[in-house]
Amino acid sequence: MSGTWITTRAWLLMLPLLIVMVAVIGWPLADTVQLSFTDARLVGTSGSYVGFDNYVRLVSGNAFGRTLFTTTFFALVVVTTEMVFGVLAALLLNQQFRGRTLLRALMILPWALPTVVNATLWRLIYNPEYGALNAALTQLGLISGYRSWLGEPGTALAALIVADCWKNFPLVALIALAALQAVPRDVVAASFVDGAGAFARFRFVTLPYLAGPLMVALVLRTIEAFKVFDIIWVMTRGGPANSTRTMSILVYQEAFSFQRAGSGASLALIVTLIITVLAVAYGTMVKKVAGSAA
Amino acid sequence: MERQNPLFRLFLHVAALLLAAVILAPLLWLFVMSISPAADLAAKPLRWWPATMDFSRYATLLSTLENSAGAAFTASLRNSLMVAGMATVAAVALAVPAGWAVSRTPSVGWSLSLVIATYMLPPVALAVPLYMALAKFGLLNNVFGLALVYLTILAPFTTWLMKSGFDGIPREIEQAAVIDGASLWQTLRIITLPLAMPVVATSALFAFLLGWDEFFYALLFTSDQRAKTLTVAIADLAGGRVSDYGLIATAGVLAALPPVLIGLVMQRALISGLTAGGVKG
């Protein structure tokens with residue numbers, strides 16, 4: 001068979017996927033780019049060309065900087081926490097003890113729980129009048145009166161972060177555990193013979209095996225954390241006083257609550273650009289780590 | 001290997017118990033809320049375990065009496081099953097040929113990379129044109145329209161999983177069949193696809209879970225019982241003026257049941273899929 005026919009055949013097999021992808025992703029994205037240079041409304045007027053006005057107005061407005069900061073802070077804290085606790089849980093699950101298989105099975109539960117159910121669950125736990133957190137802390141004598149965890153700007157973001165970490169650290173743990181189990185036993189045995197301590201063993205024997213999979217998890221979790229919408233929408237809708245408003249929430253408000261499709265599109269593209277830059281920077285890092293671990 | 005000293009063993013067990021408590025406590029509480037009488041949930045100090053277990057909310061939500069809370073819930077359950085199911089079937093149907101093509105013909109791989117890179121796009125970057133297009137074709141508040149939109153998430157992911165699945169099937173087996181006189185289509189049908197069935201199943205499960213979990217597009221593109229999915233129905237309950245928190249918790253338990261059962265039963269396959277194909281998007 002000739003090479004051209006094989007390549008043509010491959011394209012033919014991919015054609016259905018590519019057509020659908022162009023229809024539901026490619027074309028809408030191109031349309032978003034076009035919209036971002038107009039003052040179009042969500043319904044009614046298709047708007048007229050306004051150049052970079054939307055971008056300039058958004059970036060110089062005060063909502064943008066604050067929202068970008070909130071989003072970055074949220075992403076940074078949840079991803080770091082999930083990585084640390086995920087690796088610790090994986091190291092634990094990689095030890096021999098009774099009930100370890102059961103515990104490993106439990107780890108899949110938070111991951112399988114739908115995001116909206118997780119958000120609803122934590123919203124109930126944080127409830128200012130009847131919530132379990134208030135009840136538990138009061139009964140333990142840690143707080144004197146019930147508090148509105150999601151209703152106060154000082155605690156709302158932290159409460160969201162806890163809820164997000166609880167759902168996502170088990171996933172990091174499962175990925176890290178799979179990587180740990182790929183560490184060859186004779187390499188570990190050899191490090192014992194060579195007299196390596198626990199820390200040296202982790203740093204020089206285990207970590208190189210963990211680095212690759214963990215970097216991938218880090219990249220994907222960072223992208224997701226930056227795009228976060230669901231959990232925040234269900235728990236706080238970006239409030240109180242916009243203290244939990246992330247970029248995706250801001251775009252939603254701009255495009256759908258205020259029906260400013262044009263400037264919503266510009267904002268969405270700015271978010272896309274930031275995520276792309278992050279992903280490319282990370283991608284370069286992943287290659288480096290993978291190279292040095294080999 | 002290492003002799004474990006008793007102190008270390010004790011530490012391991014304490015840590016394991018702590019981890020189990022962290023994972024289980026919120027989940028157990030969701031269940032307890034669903035079976036506690038409303039008075040117990042509003043009591044101060046809070047009653048952590050109901051005096052009498054009350055399963056009536058499950059019956060309430062699953063009843064199909066017209067205009068009841070159950071009717072809205074069962075409608076959203078049906079919509080979620082339909083949307084996630086249709087999107088899964090379509091995504092796998094697109095992913096199998098495309099995944100095989102990329103696996104066997106690396107020179108077209110860049111197009112898959114491009115498809116996968118769309119994972120970085122926040123849904124908000126597509127939402128406005130998709131909204132306008134669905135409105136134009138009369139597909140707003142429609143399960144078919146929503147399933148089509150879900151392909152933006154499901155199709156790249158399943159193709160990626162299928163591609164790595166086909167990578168694990170040696171092409172020598174296919175070549176041997178071709179040498180023995182089988183046509184390419186016979187080879188695929190008799191040799192490759194049966195070997196790939198586990199990966200097809202894993203991809204389909206992942207796709208279904210993603211569809212079941214989806215909230216953003218469903219929130220934007222549906223407005224009533226004809227298309228509202230479970231996630232939107234639960235968010236409505238959580239954000240609305242429902243005075244019985246137990247009812248919200250019950251809806252949560254019911255919505256969580258299918259993916260949690262899938263997760264537990266298919267654990268091994270899901271974990272290998274997670275590590276091979278990356279992470280759930």
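**Stop 1: a loop in chain A**

A word on what you are viewing. This is a predicted model, in which local features need pLDDT of at least 70 and side-chain atom pairs count only at pLDDT 80 or more, while totals for chains, interfaces and linings use all residues. Residues are numbered from 1 along each chain as its sequence is written, and chains are lettered from A and ligands numbered from 1 in the order in which they are written.

Stay on Ala241(A). It sits in the loop between α11 and α12 of chain A. Helices here are DSSP runs (H or I, at least four residues), as are strands (E, at least two), and both are numbered from the N terminus. Ala241(A) is not a glycine, yet its phi is positive, about 50°.

Now pick Asn242(A). Its phi is positive too, about 60°, and it is not a glycine either. Asn242(A) lies in the loop between α11 and α12 of chain A. Is Asn242(A) exposed, partly exposed or buried? Asn242(A) is partly exposed, because it has 17 other C-beta atoms within 10 Å.

Step back to Pro240(A). The loop that holds it runs between α11 (230–235) and α12 (247–257) of chain A. Look at the peptide bond from Gly239(A) to Pro240(A): it is cis, with omega near -15°. Most residues other than glycine have a negative phi, and most peptide bonds are trans.

**Stop 2: a cis bond in chain B**

Select Lys44(B) and Pro45(B). The peptide bond between them is cis, with omega near -5°. Pro45(B) is in the loop between α2 (38–42) and α3 (56–62) of chain B.

**Stop 3: inside chain B**

Select Ala251(B), in helix α12 (residues 245–265) of chain B. Ala251(B) is buried, because 27 other C-beta atoms lie within 10 Å. Which residues does Ala251(B) contact, leaving aside its neighbours within four places in sequence? They are Leu61(B), Phe73(B), Ile234(B) and Leu237(B). Contact means that the C-beta atoms of two residues, placed from the backbone, lie within 7 Å.

**Stop 4: two packed helices**

Show helix α7 (residues 143–167) and helix α9 (residues 184–213) of chain B. They pack at an angle of about 160°, with their axes 9 Å apart. Axes are lines fitted to C-alpha atoms, for helices over the stretch in contact, and angles run from 0 to 180 degrees between N-to-C directions. That angle is why α7(B) is roughly antiparallel to α9(B). Angles over 145 degrees count as roughly antiparallel, under 35 as roughly parallel, 65 to 115 as roughly perpendicular, and the rest as oblique.

Color the contact residues, including Tyr150(B) and Phe157(B) of α7(B) and Val199(B) and Phe206(B) of α9(B). The contact has 12 nonpolar residues, five polar and no charged. Nonpolar means Ala, Val, Leu, Ile, Met, Phe, Trp, Tyr, Cys and Pro; charged means Asp, Glu, Lys and Arg; the others, Gly among them, are polar.

**Stop 5: where the chains meet**

Show both chains. In all, 79 residues of chain A are in contact with 74 residues of chain B. On the chain A side, helix α1 (residues 3–35) gives the largest share, 18 residues. That side has 64 nonpolar, 11 polar and four charged residues.

Note on methods
A residue is buried if 20 or more other C-beta atoms lie within 10 Å of its own, exposed if 12 or fewer, and partly exposed in between; C-beta atoms are placed from the backbone.
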